[in-house]
Amino acid sequence: MHVVHVLGNGSSGSGVHVRSLAAGLVARGVRVTVCAPRRALDSYDFTGAGAHFAAVASRSDPATVAALRAVCAGADVVHAHGLRAAARAALALSGSTVPLVLTWHRRPHAEGVRAAAVRLLERRAVRAADIVLGASTELVDRARGRGARDARLGPVALPGFPTGRHDVLTSPAEDGDLLRHKARADLGAVERPLLIAVARLERRQGLELLLDAAREWRAIDPQPLLVVAGEGPARVPLQRRIDAENLPVRLLGRRDDAAELLAAADVAILASRWEARSLLVQEALRTGVPLVATAVGGVPELVGDAAELVPYGSVAELAATVRSLLADPERRARLAARGQARVAGWSTEDDTVVQVLSVYDELFGAAHALSG
């Protein structure tokens with residue numbers, strides 16, 4: 001079987017997911033081709049997972065669609081990740097009998113005139129797909145509401161730590177303590193609480209709200225340090241505000257050691273407007289770091305009682321919840337234990353690959369039955 005995965009600009013979640021799927025499918029004898037912008041190969045090393053790679057831009061102009069059509073011509077199944085990728089794949093497959101699968105990772109947020117355009121994109125994408133796999137129950141329901149023929153829950157498993165990283169979870173206790181101490185020393189948080197967020201620096205991530213909360217945490221003694229790992233278009237205004245208000249916040253930029261930084265933190269924070277299966281949420285629970293997160297999208301479904309949930313936009317509740325956690329080590333320990341118990345019940349990478357492969361087999365068999 002030959003499967004073509006189509007990625008657009010891709011969030012970190014979808015890129016990591018495709019890389020994980022590619023490795024698992026190739027190991028099971030599937031030929032995998034990944035179509036994505038060239039920079040995605042540098043970020044996710046799809047060829048290292050055994051996949052072929054075709055550099056295709058994330059545009060929908062005729063030349064790009066033709067390039068995508070050429071790659072998909074020999075496919076048995078095309079699997080698009082994200083709404084825009086699915087819309088482009090549908091154009092490329094026009095007139096073809098090759099089945100299309102869509103994994104819907106995240107819901108675009110839009111207001112005003114743009115909201116109508118997003119609704120139209122959602123309808124076109126989910127109706128073009130033979131099967132939609134939603135990363136959360138909310139996305140499955142949304143796909144059905146937009147007219148999907150077949151929408152199912154398709155949990156996106158959290159991959160293991162990449163080869164070559166120090167894994168503080170499997171290191172001997174003394175080594176793990178040394179790694180955490182070094183990470184905290186490098187950040188200047190040896191004798192003060194360390195809070196961490198991992199997010200793209202953009203509006204929907206709620207980072208302005210985090211800065212509002214950080215202003216209130218200045219009264220805590222010792223004063224917590226909030227570090228944000230990630231890059232994005234909002235870096236300049238965020239840094240300007242941090243400097244102007246003298247906030248205890250450091251923007252670290254994109255980091256390859258986010259897992260180690262997370263393991264060194266006292267509390268992890270997700271302040272997003274919406275998430276399905278946030279990588280930060282999954283990493284925090286697996287690592288045993290107490291998590292405070294906004295009760296949005298698929299987050300409550302994902303964490304259960306293993307995290308402290310606060311309403312999106314409530315700076316007072318966010319600030320107070322973090323403050324109370326820092327003052328209560330026993331509560332942090334309970335959350336850490338619940339988190340690791342919760343992780344034990346999640347789908348593994350193998351579970352996810354088996355589920356996706358069963359979808360391919362279903363469509364592949366149906367397509368051959370029709371052609372026969």
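A nonpolar core is here a set of buried Ala, Val, Leu, Ile, Met, Phe, Trp, Tyr and Cys residues joined through side-chain atoms within 4.5 Å. Buried means under 20% relative accessible area, exposed over 50%, and partly exposed in between (1.4 Å probe, protein chains only). The model is predicted: local features need pLDDT of at least 70 and side-chain atom pairs count only at pLDDT 80 or more, while totals for chains, interfaces and linings use all residues. Residues are numbered from 1 along each chain as its sequence is written, and side-chain values use heavy atoms, with hydrogens and water left out.

The largest nonpolar core has 35 residues, and Val6, Val78, Leu102 and Val132 have the most contacts inside it. Two or more residues each come from strands E1 (2–7), E4 (77–81) and E5 (100–104) and from helices H3 (62–72), H4 (83–92), H5 (113–128) and H6 (137–145). Helices (H or I, at least four residues) and strands (E, at least two) are DSSP runs, numbered from the N terminus. H4 gives the most to this core, with five residues. A second, separate core has 32 residues, among them Val249, Val267, Ile269 and Leu335.

Two residues show the surroundings in this part of the chain. Contact means heavy atoms within 4.5 Å. Leaving aside neighbours within four places in sequence, valine 132 is in contact with Leu102, Trp104, Val126, Ala143, Ala148, Asp150, Ala151 and Arg152. Histidine 79 lies in strand E4 and is buried, with a relative accessible area of 0%. With its neighbours within four places in sequence again left out, the contacts of histidine 79 include Val3, Val4, His5 and Val6, as well as Leu102, Leu133, Val356 and Tyr360. The C-alpha atom of histidine 79 is separated by 31 Å from that of alanine 197, 118 residues apart along the chain.

H4 and H5 pack with their axes 9 Å apart, at an angle of about 55°. Axes are lines fitted to C-alpha atoms, for helices over the stretch in contact, and angles run from 0 to 180 degrees between N-to-C directions. Angles under 35 degrees count as roughly parallel, over 145 as roughly antiparallel, 65 to 115 as roughly perpendicular and the rest as oblique. H4 and H5 are therefore oblique to each other. Their crossing is left-handed; that is the case if the near helix is turned anticlockwise from the far one by less than a right angle, and a crossing is right-handed if the turn is clockwise. Leu83, Arg84, Ala86, Ala87 and Ala90 in H4 meet Arg114, Leu121, Glu122, Ala125 and Ala128 in H5.

Further along are H8 (207–217) and H9, and the buried residues of H9 pack against H8 and strand E10 (249–253). In H9 (residues 235–245) the buried residues are Leu238, Arg241 and Ile242. Seen down the axis of H9, these fall within an arc of 100°, so they line one face of the helix; the arc is that of the directions from the helix axis to the C-beta atoms. Val236, Arg240, Asp243 and Ala244 are exposed on the other side of H9. The axes of H8 and H9 come within 11 Å and cross at roughly 10°, which makes H8 roughly parallel to H9. Leu207, Glu208, Leu211, Asp212 and Arg215 of H8 make the contact with Leu238, Arg241, Ile242 and Glu245 of H9.

H8 also packs against helix H13 (residues 315–326), at an angle of about 50° and with the axes 9 Å apart. That makes H8 oblique to H13, and the crossing is right-handed.

Helix H11 (residues 279–287) is mostly covered, with eight of its nine residues buried. The elements that cover these buried residues include strands E8 (194–198), E11 (267–270) and E12 (291–294) and helices H10 (258–264), H12 (299–303) and H14 (329–344).

Some backbone features remain. Most residues other than glycine have a negative phi, and most peptide bonds are trans. Asparagine 246, in the loop between H9 and E10, has a positive phi near 55° and is exposed, with a relative accessible area of 62%. Aspartate 45 has a positive phi of about 50°; this residue is in the loop between helix H2 (38–44) and strand E3 (52–55) and is partly exposed, at 36% relative accessible area. A cis peptide bond, with omega about 0°, joins aspartate 221 and proline 222, and proline 222 is in the loop between H8 and strand E9 (225–229).
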